[in-house]
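Thanks for making time this morning. I would like to walk you through one model, so please have the sequence and the structure open as I speak.

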Amino acid sequence: MRLFIQIPCLNEEKTLPMVMEKMPKSIPGIDEIEVMIIDDGCTDHTVEVAKSLGIRHVVRHTGTMGLARAFRDGVDYALKHGADIVVNTDGDNQYPSDKIGDLVQPILAGKADIVVGDRQTSTIKEFSWFKKRMQHFGSWVVNKAAGTHIPDAASGFRAYSKKALLQLNIVTEFSYCMETIIQAGNKRIAITSVPITTNKKTRNSRLFHNIFEHMGKSAGAIIRSFLMFRAHSVFKWSSVVSAVLALGVFVRYLAYFFSGDGHGHMQSLLVGAMLFTWMVLSLALLIISELLRIHRRLLEDELERVKEIEYSPANRGLWADDEDNELRGLSASKD
């Protein structure tokens, strides 16, 4: 069983040693532990510090591409190099490295394929009352969209099994956190959480400038992920509601019409016609969304099979040269 611990980094030369200080050297049930950083366009000495700390796996971005792309590229590298479990933590030392062993236990026990570290946000002193309420509300919205029960949907301290990673497809450009939970819920991937505590804050978030920007971007990610799986539900209820309203308006008009007062209520006929048109449009969009949903499922099934072949042990030798080059680069830097 091979565990990859990936650390997305953007100028983390000061905090990376703190992340590595309590990084586990061994975990029961895990044969190998590999640590990897994703250099997301660092302009400081993060990579040099990482190598001095013994980190031999480095994924490099020439420019800053964002957390979602860093996560995706890190997962791709880890699976190419034989990862059975991938843990994601942050380079700012927010999450407790010594809890990684607890984080992977549900996967090792076969109880889940995704495990989210619950920061217990109501107890975090750095969070204002408003931020705590928004975190709670955001998690509630995500759980409603996904059909899950994860108390801290925004937590980036997570463990993923290889099986889960083969099924997940990251399409957002902001943060993968909400999207992967919604995908997991709709794809019936077993997901759970374990309680953790957070370390003292070392810096402000680089994902957003204020909580309102975070709320806006998170809302967009949630809506896109929800529509990707449940658009048919939106159009189904839209057609049902518009049909009921149109029927009520038409009945009202006909009642006045047969009572001899139809000409005074032409606006009811107009509103009914508008609602009926909306119902027809919703039904058409429902059919289209259902066809797209079937098409997406077929494509995702095909993509999962391609991933299984790409990341299989038989093809691991294709990526061995990359690892050898990284190791030679590490040795050269030490010399």
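I will go from the strands to the helices, and then to the cysteines and a few backbone angles.

Before that, a word on conventions: this is a predicted model, in which local features need pLDDT of at least 70 and side-chain atom pairs count only at pLDDT 80 or more, while totals for chains, interfaces and linings use all residues. Residues are numbered from 1 along each chain as its sequence is written, and side-chain values use heavy atoms, with hydrogens and water left out.

Let me begin with strand S1, residues 2-9; helices (H or I, at least four residues) and strands (E, at least two) are DSSP runs, numbered from the N terminus. Eight of the eight residues of S1 are buried, so this strand is largely enclosed by the rest of the structure, where buried means under 20% relative accessible area, exposed means over 50%, and partly exposed lies in between, with a 1.4 Å probe and protein chains only. Both faces are covered, with Arg2, Phe4, Gln6 and Pro8 buried on one side and Leu3, Ile5, Ile7 and Cys9 buried on the other.

Which strands pair with S1? Strand S2, residues 32-40, runs parallel to S1 and is joined to it by eight bridges, and strand S4, residues 85-88, pairs with S1 in the parallel sense over four bridges; pairing here requires that DSSP finds at least two bridges between two strands.

Leaving aside neighbours within four places in sequence, Asp40 is in contact (heavy atoms within 4.5 Å) with Cys9, Leu10, His61, Gly63, Thr64, Met65 and Gly66. The C-alpha atoms of Asp40 and Gly66 are separated by 7.2 Å, although these residues are 26 apart along the chain.

His57 belongs to strand S3, residues 57-61, and is buried, with a relative accessible area of 0%. Its side chain makes polar contacts with the side chain of Glu34, at 3.0 Å, and with that of Tyr77, at 2.8 Å.

Now the helices. Helix H7, residues 176-186, has eleven of its eleven residues buried, so H7 is largely enclosed by the rest of the structure. After H7 comes Arg188, whose phi is positive, near 60°.

Helix H9, residues 266-310, has 45 residues and should span 66 Å at 1.5 Å a residue, which agrees with the 65 Å between its end C-alpha atoms; the expected span is 1.5 Å times one less than the number of residues. Among the buried residues of H9 are Leu275, Met279, Ser282, Leu286, Ser289 and Arg293. Ser289 has a relative accessible area of 11%, and a polar atom of its side chain lies 2.9 Å from the backbone oxygen of Leu286. Beyond its neighbours within four places in sequence, Ser289 is in contact with Ala231, His232 and Phe235.

How many disulfides are there? The count is zero, a disulfide being a pair of cysteine sulfur atoms within 2.5 Å. The sulfur of Cys9 has its closest cysteine sulfur in Cys42, at 5.8 Å, too far for a bond, and for Cys177 the closest is that of Cys9, at 16 Å, again too far.

Lastly, the backbone angles. Asn11, in the loop between S1 and H1, has a positive phi near 60° and is partly exposed, at 26% relative accessible area. Asn93, in the loop between S4 and helix H4, has a positive phi near 65°, but counts as buried at 10%.

Key. Polar contact = N/O pair within 3.5 Å; in protein donor to acceptor, adjacent residues only side chain to side chain.
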